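Q: Could we go through this structure together, one feature at a time, with the general idea set out before each particular case?

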Amino acid sequence: MACVLQKYTEQWPLLFKINSGLNIIHSCLKVNKLTLNVKKTKYVLIGNRPKLDLVPGNFTVKVNNISLKRVTVYKSLDENLSAVCGDI
């Protein structure tokens with residue numbers, strides 16, 4: 001699991017930073033002859049409900065020009081992570 005943590009008041013600088021960070025991760029994997037399965041890769045935005053409600057529907061995170069699926073809850077074998085939390 002990779003994590004790009006950013007705090008922004010405007011969504012477009014945030015989107016640029018997330019996409020740039022993910023493209024760097026993708027490039028590092030490629031150099032080391034590893035791949036990122038973008039079909040299985042998802043992302044979650046974490047914040048309080050009022051801030052998450054401001055995120056537009058066309059907010060699209062991409063890796064190698066392929067859109068990732070947005071989820072509101074991340075589940076793994078030993079932990080659950082919800083998108084809505086206290087004031088960040």
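**Reading the predicted model**

A: Let us begin with burial: Phe59 counts as buried because its relative accessibility is 5%, where buried means under 20% relative accessible area, exposed means over 50% and partly exposed lies in between, with a 1.4 Å probe and protein chains only. Please keep in mind that this is a predicted model, in which local features need pLDDT of at least 70 and side-chain atom pairs count only at pLDDT 80 or more, while totals for chains, interfaces and linings use all residues. Residues are numbered from 1 along each chain as its sequence is written, and side-chain values use heavy atoms, with hydrogens and water left out.

Q: What does the chain average in pLDDT, and where is confidence lowest and highest?
A: pLDDT is the predictor's confidence in each residue, on a scale from 0 to 100, and where it is low, the predicted coordinates should not be read in detail. Here the chain averages 77, with 73% of the residues scoring at least 70. Confidence is lowest in strand 6 (residues 80-82), at a mean of 60, and highest in strand 3 (residues 66-67), at 90.

Q: How many helices and strands does the chain have, and which pattern does it follow?
A: Helices (H or I, at least four residues) and strands (E, at least two) are DSSP runs, numbered from the N terminus. By that rule the chain has 2 helices and 6 strands, and along the sequence these follow the pattern α-β-α-β-β-β-β-β.

Q: Which residues form the largest nonpolar core?
A: In soluble globular proteins, nonpolar side chains tend to be buried together. A nonpolar core is here a set of buried Ala, Val, Leu, Ile, Met, Phe, Trp, Tyr and Cys residues joined through side-chain atoms within 4.5 Å. The largest such core has 12 residues, namely Leu14, Leu15, Ile18, Leu22, Val38, Tyr43, Leu45, Leu52, Phe59, Val61, Val63 and Leu68. Its largest share, 4 residues, comes from helix 1. For the chain as a whole, 23% of the 88 residues count as buried.

Q: Where does Phe59 sit, and how far is it from Leu15 in sequence and in space?
A: Phe59 is placed in the loop between helix 2 (49-53) and strand 2. Although Phe59 and Leu15 are 44 residues apart in sequence, their C-alpha atoms are 7.2 Å apart in space.

Q: Which residues is Ser67 in contact with, and is Ser67 buried, partly exposed or exposed?
A: Ser67 lies in strand 3 and, leaving aside its neighbours within four places in sequence, is in contact with Thr60, Val61 and Lys62. Ser67 counts as partly exposed because its relative accessibility is 42%.

Q: What is the phi of Lys33, and what is that of Asn64?
A: Most residues other than glycine have a negative phi, and most peptide bonds are trans. Lys33 has a phi near 60 degrees, a positive value in a residue other than glycine, and its place is in the loop between helix 1 and strand 1 (42-43). Lys33 is exposed, because its relative accessible area is 77%. Asn64 likewise has a positive phi, of about 55 degrees, although it is not a glycine.

Q: Where is Asn64 placed, and which residues is it in contact with?
A: Asn64 is in the loop between strand 2 (62-63) and strand 3, and it counts as partly exposed because its relative accessibility is 48%. Leaving aside neighbours within four places in sequence, Asn64 is in contact with Asn23 and His26. The C-alpha atoms of Asn64 and Leu22, 42 residues apart along the chain, are separated by 8.6 Å.

Note on methods: Contact = heavy atoms within 4.5 Å.
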